[in-house]
Amino acid sequence: MIEPAPGILLVADPFLKDPNFMRTVVLLCEHRDEGSFGFVINRFYEYKLNELINNADGLEIPVYYGGPVQMDTIHFLHQYPNEIEGSMMVSEGIYWGGDFASVLELLRNGEISANKIRFFVGYSGWGEGQLDGEIKEKSWLTVEATRNIVFHNDTNEIWKDSLRHMGGKYEIMINFPIDPQLN
């Protein structure tokens, strides 16, 4: 297990029952003594970008459920540090935020690909010591993020591929039932 830090994936334990995080993968973007935050990268939100943003006409791009905190905000991860001003590096090849208006313009003009950007409604957040406690309780497994997982072309496979990325005994967890009592 890797210590939490920016660029680490939090992979939900197969038996985690919290409906906000069951079988999710969260990209951790910040981890400090006073708290942590990141985005659920494998759960679609019910609306597309053009349905949420007034000036996003024609941009029928999927939006993801970033987490249960501040569901009235939109965030984005991307692979364009040179094209999008104000970006912050999360890990190698993965960047968070930047000038939102320019992102919309770059997408409209075809200067950046929607396959290399992910939009999120809300975020996942933890207060001081909360995430460390959840990791000690084994609610989360940790592994280094990769661009291939964060920008996976099949969202339904992200949780499984994260466990495969961990290898060894973790790969077996892919086949664990959600509720072992039902078997």
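Arg32 is partly exposed, with a relative accessible area of 47%. On this scale, buried means under 20% relative accessible area, exposed means over 50%, and partly exposed lies in between, using a 1.4 Å probe and protein chains only. The model is predicted, and local features need pLDDT of at least 70, side-chain atom pairs count only at pLDDT 80 or more, while totals for chains, interfaces and linings use all residues. Residues are numbered from 1 along each chain as its sequence is written, and side-chain values use heavy atoms, with hydrogens and water left out.

Arg32 forms a salt bridge with Glu30, and their closest N and O atoms are 3.6 Å apart. A salt bridge here is a side-chain nitrogen of Lys or Arg within 4 Å of a carboxyl oxygen of Asp or Glu. Glu30 is also partly exposed, at 24% relative accessibility.

## Charge pairs in the helices

By that rule the count comes to 4 salt bridges. Side chains of opposite charge can pair when their charged atoms come close. Helices (H or I, at least four residues) and strands (E, at least two) are DSSP runs, numbered from the N terminus. Arg108 is partly exposed at 37%, and Glu105 is partly exposed at 40%.

Helix α5 (residues 158-166) holds Arg164 and Asp161, again 3 residues apart and therefore about one helical turn from each other. Salt bridges that share partners join Glu157, Asp161 and Arg164 into one network. Within it, the closest N and O atoms of Arg164 and Asp161 are 2.5 Å apart.

## A buried arginine without a salt bridge

Arg118 sits in strand β9 (residues 117-127). Arg118 is buried yet has no salt bridge, and Asp154, the nearest side chain of opposite charge, is 9.7 Å away. For charge, Lys and Arg count as positive and Asp and Glu as negative, while His and the chain ends are not counted.

What does the side chain of Arg118 reach? It extends to the backbone oxygen of Asn115, at 3.4 Å. Leaving aside residues up to four places away in sequence, Arg118 touches several others, including Tyr64, His75, Phe76 and Leu77 (contact means heavy atoms within 4.5 Å).

## The nonpolar cores

In soluble globular proteins, nonpolar side chains tend to be buried together. A nonpolar core is a set of buried Ala, Val, Leu, Ile, Met, Phe, Trp, Tyr and Cys residues joined through side-chain atoms within 4.5 Å. The largest one has 39 residues, and among those with the most contacts inside it are Leu9, Trp140, Val150 and Leu163. Strand β2 gives the most to this core, with 5 residues. A second, separate core of 17 residues includes Val63, Val103, Leu107 and Ile112.

## An exposed glutamate

Glu34 lies in the loop between β2 (25-32) and β3 (35-40), and is exposed at 56% relative accessible area. The C-alpha atoms of Glu34 and Glu128 are separated by 4.4 Å, although the residues are 94 apart along the chain. Glu34 touches Gly127 and Glu128, not counting residues up to four places away in sequence.

Conventions:
A polar contact is a pair of N or O atoms within 3.5 Å; within protein, one must be able to donate a hydrogen and the other to accept it, and residues adjacent in sequence count only if both atoms are side-chain atoms.
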